[in-house]
Structures are given as C-alpha cells and as structure tokens.
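Here are my notes on the model you sent, written as numbered points for reading alongside the coordinates.

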Amino acid sequence: MTTSDMIRELCEKQDISLAELCRRIEQTPQNFNKKLKRGTVSFEEMMAIAEALNVEYEQAFILPDGKKINISSGERNR
C-alpha cells in the first residue's frame with residue numbers, strides 16, 4: 001500500500017473528502033494531489049494529517065528484540 005493509498009483510505013474511514021483534509025492541514029488540493037501522485041508526502045505532513053484527523057501515526061524500525069526506533073524522536077522504545 002502506498003502513502004497515497006493510506007491517506008485516501010484514512011479519509012474514507014474518517015468520512016471526509018481529500019479537499020477537506022487539505023483545508024485542515026492548510027494545503028491546497030492541487031499542491032497536495034501533486035505530492036500524492038509523486039509520493040513525496042513528508043513525515044511532517046503525515047504527522048499533520050494525524051493531528052488534523054485525531055489519529056496516531058507511527059513510523060519506526062522494530063528490532064528483533066521488540067525495541068522500536070521512532071523517526072520522530074530517534075529514541076528506542078520497548
């Protein structure tokens with residue numbers, strides 16, 4: 001699943017349009033659609049989407065022992 005697919009599915013499950021999401025993250029639909037097509041949505045934008053829709057977003061490496069290295073903090077977590 002691509003980032004674009006994830007965002008579109010999230011909008012569908014949250015029952016909002018992509019245009020409404022763009023309004024909430026203060027981007028124009030034209031600009032954001034270009035990012036979706038190119039696959040260039042940044043981590044910061046993903047975090048803004050999560051905040052705007054009141055959901056959690058996580059991006060991490062999970063080590064064999066179960067510890068996580070989260071991109072947002074660089075910390076290892078259990």
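1. Please keep in mind throughout that the model is predicted.

2. The partner of glutamate 58 is lysine 68, and in this salt bridge the closest N and O atoms are 3.0 Å apart. The pair links distant parts of the chain, since glutamate 58 belongs to the loop between helix H4 (43–52) and strand E1 (60–62), whereas lysine 68 lies in strand E2 (residues 68–70), ten residues apart. Lysine 68 is partly exposed, with a relative accessible area of 23%.

3. How many salt bridges does the structure hold? There are five, and the pair in point 2 is one of them.

4. Within helix H1 (residues 3–14), lysine 13 and glutamate 9 are four residues apart, about one turn of the helix, and their side chains meet in a salt bridge at 3.3 Å, N to O. Lysine 13 is exposed, with a relative accessible area of 63%, while glutamate 9 is partly exposed at 31%.

5. Helix H2 (residues 18–24) holds arginine 23 and glutamate 20, which are three residues apart and so separated by about one helical turn. Their side chains form a salt bridge of 2.5 Å, N to O, and arginine 23 is exposed, with a relative accessible area of 54%.

6. Where salt bridges share partners, they join Glu20, Arg23 and Arg24 into one network, so that the pair described in point 5 should be read together with Arg24.

7. Which residues line the largest pocket? The lining consists of Met6, Ile7, Leu10, Met46, Ile49, Ala50, Val55, Glu56 and Tyr57, and the elements that contribute two or more residues to this lining are H1 and H4.

8. By residue class, the lining of the largest pocket divides into eight nonpolar residues, no polar ones and one charged.

Definitions and conventions: Residues are numbered from 1 along each chain as its sequence is written. This is a predicted model: local features need pLDDT of at least 70, side-chain atom pairs count only at pLDDT 80 or more; totals for chains, interfaces and linings use all residues. Side-chain values use heavy atoms; hydrogens and water are left out. A salt bridge is a side-chain nitrogen of Lys or Arg within 4 Å of a carboxyl oxygen of Asp or Glu. Buried means under 20% relative accessible area, exposed over 50%, partly exposed in between (1.4 Å probe, protein chains only). On a 1 Å grid over the protein atoms alone, a cavity is a set of points where a 1.4 Å probe fits but cannot get out, and a pocket is an open set with protein on both sides within 12 Å along at least five of seven lines; lining residues have an atom within 4 Å of a point. Ala, Val, Leu, Ile, Met, Phe, Trp, Tyr, Cys and Pro count as nonpolar, Asp, Glu, Lys and Arg as charged, and the others, Gly among them, as polar.
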